[in-house]
Amino acid sequence: MITAKEWYDPKPDFKNLYQGDVLAAIPFPSLPTFVSAEREEVWGILRPRPNRAQRPIGEVLRNLPNELIGRAAKDVPDAWSSGDEYIISTCRKMHVILVSRSCDIDKHQRKHLLIAPVFQVSNLQEAQRAADKLNYLRNNDIFHWFYLPPVIGSFPESFADLTQMVPLHRSFFNEEVLQKTLCVRLSSQGTFAFQKSLSDYYGMAFGFAAADQCPQTARYSCSSCFSSGKATITSRVVDEGRNFGTCDACGDRTLWLKVPE
Ligand SMILES: [Zn+2]
């Protein structure tokens, strides 16, 4: 089982931010709003109050107006016409993990840093806290989550959700924020594991999934066999129009790549 001792730096300095730093109380924006994207006509569009909107809309939008009224997009005939639009969305101050690589964090010309939200295991719904699922999580075997073991008395057992990574302007992060909000910093072993998780997560995007229809008759190999280091890589000919199906060794992680002729 993964422990805080191996996963975290016991004596983090508070001078520099590093990939894998877990920080508290960082504003985390959520899009789309609580109304889903396919119902865009009822999204809450915010416009300055009419008596404040005598100036051109572009000018008004440069300075955040403090009196806004919200209407459903279908009732705002010129919605989205001015480029930027204020909409109703949510933002919560919460724990996040820095995903950007340390070398990018050091480059001040990079205006945005990538973060992922961090959730407490104790807040998971009961079905997700079943013993077998917790075992997967505690072994860091859930490919889209990154496990963060507890530090007794200071940091609860948590995980970062890699599916919800977002960019945040770098001005949200400085030495003062670091001193006030750093919860844990990954050790070199933890950082290596984090980079592997990110690589696995992005790696999953390559290839045809089991349910996909084959676009061209050819020989295909399972890229998951390759990336997970299996001795034998599953390979088969798939006919055009057929579903790819799963690789016996990889199950629902299967991803097929066409073998060059
Ligand atoms: Zn495979």
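This is a predicted model: local features need pLDDT of at least 70, side-chain atom pairs count only at pLDDT 80 or more; totals for chains, interfaces and linings use all residues.

Reader: What makes the chain more spread out than a compact globule?

Author: The chain has 7 helices and 13 strands, these being DSSP runs numbered from the N terminus (helices H or I, at least four residues; strands E, at least two). Its radius of gyration, taken over C-alpha atoms, is set against the globule rule, 2.2 Å times the number of residues to the power 0.38; for 261 residues the rule gives 18 Å, and the chain's 23 Å is well over that, so the chain is more spread out than a compact globule. Along the principal axes, the C-alpha atoms fill a box of roughly 70 × 55 × 40 Å.

Reader: Which residues touch the most other members of the largest nonpolar core, and what is such a core?

Author: A nonpolar core is a set of buried Ala, Val, Leu, Ile, Met, Phe, Trp, Tyr and Cys residues joined through C-beta atoms within 7 Å, and a residue is buried if 20 or more other C-beta atoms lie within 10 Å of its own. Of the 261 residues of the chain, 21% count as buried. The largest core has 28 residues, of which Ile97, Ile115, Phe146, Leu148 and Ala160 touch the most other members. Apart from this core lies another, of 8 residues, including Val238, Phe244, Leu255 and Trp256.

Reader: Why do β12 and β13 count as edges of their sheet?

Author: The open sheet has 3 strands in the order β12-β11-β13, with antiparallel pairing, and two strands pair if DSSP finds at least two bridges between them. β12 (235-238) and β13 (256-258) each have a single partner strand, so one side of each is left without a neighbour in the sheet. For β11 (residues 218-222) and β12, 4 bridges are found, and in β12 the bridge partner of Ser221 is Ser235.

Technical notes:
Residues are numbered from 1 along each chain as its sequence is written. A residue is buried if 20 or more other C-beta atoms lie within 10 Å of its own, exposed if 12 or fewer, and partly exposed in between; C-beta atoms are placed from the backbone.
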